[in-house]
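Biologist: Please take a close look at one part of this model for me. Keep it brisk, and connect the pieces as you go.

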Amino acid sequence: MHIMSYFGEYILKLSISFGIICLFYQLVLKGLTFYSWNRFYLLGYTLLCFFMPLINIPGVVQRSNLMAYKTIELIPSIMPPGAASLPAATEANTAGWTATGLLLVVFLTGILIMTVRLAIQLISLRRLIRKAALISDEKVKLYQVNSRIIPFAFGRSVFINRHLHEAKDIEEIIRHEFVHVRQKHSIDIIWAELLCVFNWYNPFVWWLRNSIKQNLEYLADDKVLQDGIDKKQYQYLLLKVLGDHRFAVASPFNFSSLKKRIAMMNKIKSTGIHMLKFLFIAPLMAMMIMAFRKDDNMPASTNMLSLS
């Protein structure tokens with residue numbers, strides 16, 4: 001059986017896919033003010049990454065009798081011939097702890113640790129809800145928290161300690177958090193955390209997680225400014241809203257991202273022509289899928305010609 005080698009090959013392709021998606025966002029899309037489009041990109045393509053390693057281009061070529069092998073061969077394969085097979089001696093190893101088996105244990109241990117980490121965050125949030133006082137329960141639940149926290153939203157709930165903020169600021173703070181609730185940003189947050197649970201070993205996934213959360217703040221800031229608040233007044237408010245960053249699973253105000261948020265608010269809006277940049281990912285993904293092929297599965301040129 002080649003289950004372990006296939007699994008290793010899948011993880012390699014998955015990691016490369018995340019790397020390409022992440023670098024494309026950082027180099028091409030990050031500076032654009034199309035925050036909703038960036039949200040769909042970060043969610044959609046990180047999901048697509050799990051399916052891309054399963055696409056078998058040589059198999060498609062063979063089944064459809066296409067003469068596209070020359071085009072495919074222009075893209076160097078990152079998978080060496082025989083990548084999916086192991087020597088018989090390795091397969092027959094009865095010692096129990098092979099290198100592959102050890103790596104699998106490390107992989108699963110990492111997932112277990114990350115799952116426990118996420119569970120602890122959710123349990124902490126649950127405890128916070130039980131201790132908090134429900135102020136309002138209309139379309140959005142508003143909780144008063146009697147501890148030093150940064151205002152944040154999760155699910156359809158907003159958490160704030162009103163005693164830490166001036167009365168004139170509370171309305172704008174809540175307006176920002178309501179955007180997170182109405183646009184269901186918690187879905188993005190949970191997805192980002194799950195990506196890290198199952199891909200804890202991949203630094204690009206952690207980079208994507210931070211990008212997802214940062215873009216959600218851009219979205220909320222942009223919506224608040226569209227509602228008519230003065231930009232300078234709002235930025236000054238952000239500078240005042242500082243506290244303990246206790247609930248990492250949420251998407252609160254935080255000082256580390258503040259400079260980036262203010263810079264994006266002051267940035268000139270991206271023009272429509274920049275939307276074309278989103279199309280550049282399509283040929284890049286096509287090249288990536290072709291690079292994932294295994295050349296040992298490709299028929300020889302003479303055999304392909306004989307099919308005509």
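Modeller: Start with Lys184, which sits in the loop between α7 and α8. This is a predicted model, so treat every value as computed from it. The phi angle of Lys184 is near 55°. That is a positive value, and the residue is not a glycine. Lys184 counts as exposed because its relative accessibility is 53%, and the cut-off for exposed is over 50%.

Helix α8 covers residues 185-198, and Asp188 belongs to it. Is Asp188 buried or exposed? Asp188 is buried, because its relative accessible area is 1% and buried means under 20%. Which residues does Asp188 touch, leaving out those up to four places away in sequence? They are Arg39, Leu43, Ile212 and Leu216. Keep Leu216 in mind. Leu216 also belongs to α9, where it takes part in the contact with α7.

Helix α7 spans residues 167-182 and helix α9 spans residues 203-226. Two packed helices are described by the angle between their axes and the distance between the axes. For α7 and α9 the angle is about 125° and the axes lie 9 Å apart. So α7 is oblique to α9. The crossing of α7 past α9 is right-handed. On the α7 side, the contact uses Glu172, Arg175, His176, Val179 and His180. On the α9 side, the partners are Leu216, Glu217, Leu219, Ala220, Asp221, Lys223 and Val224. By class, the residues of this α7 and α9 contact come to 5 nonpolar, 2 polar and 5 charged.

Helix α7 has another partner, helix α10, which runs over residues 231-240. Here the packing angle is about 90°, with 11 Å between the axes. The two helices α7 and α10 are therefore roughly perpendicular. From α7 come Lys168, Asp169, Glu172, Ile173 and His176. From α10 come Tyr234, Leu237 and Lys240. The residues of the α7 and α10 contact divide into 3 nonpolar, 1 polar and 4 charged.

For comparison, take a loop elsewhere. Asn146 lies in the loop between β2 (141-144) and β3 (152-154). Asn146 counts as exposed because its relative accessibility is 63%. Beyond neighbours within four places in sequence, Asn146 contacts Asn161 and His163. Between Asn146 and Ala133 there are 8.5 Å, C-alpha to C-alpha, at a separation of 13 residues in sequence.

A word on cysteines. A disulfide is a covalent bond between the sulfur atoms of two cysteines. The structure holds 0 disulfides. Cys22 is buried, with a relative accessible area of 0%. Cys49 also counts as buried, at 0% relative accessibility.

Finally, the setting. The protein chain has 13 helices and 4 strands. It has 308 residues, and 42% of them count as buried. Take the contacts in the chain with a separation of 6 or more: 76% of these join residues 24 or more positions apart.

Technical notes. Residues are numbered from 1 along each chain as its sequence is written. This is a predicted model: local features need pLDDT of at least 70, side-chain atom pairs count only at pLDDT 80 or more; totals for chains, interfaces and linings use all residues. Side-chain values use heavy atoms; hydrogens and water are left out. Buried means under 20% relative accessible area, exposed over 50%, partly exposed in between (1.4 Å probe, protein chains only). Contact means heavy atoms within 4.5 Å. Axes are lines fitted to C-alpha atoms, for helices over the stretch in contact, and angles run from 0 to 180 degrees between N-to-C directions. Angles under 35 degrees count as roughly parallel, over 145 as roughly antiparallel, 65 to 115 as roughly perpendicular and the rest as oblique. A crossing is left-handed if the near helix is turned anticlockwise from the far one by less than a right angle, and right-handed if clockwise. Ala, Val, Leu, Ile, Met, Phe, Trp, Tyr, Cys and Pro count as nonpolar, Asp, Glu, Lys and Arg as charged, and the others, Gly among them, as polar. A disulfide is a pair of cysteine sulfur atoms within 2.5 Å.
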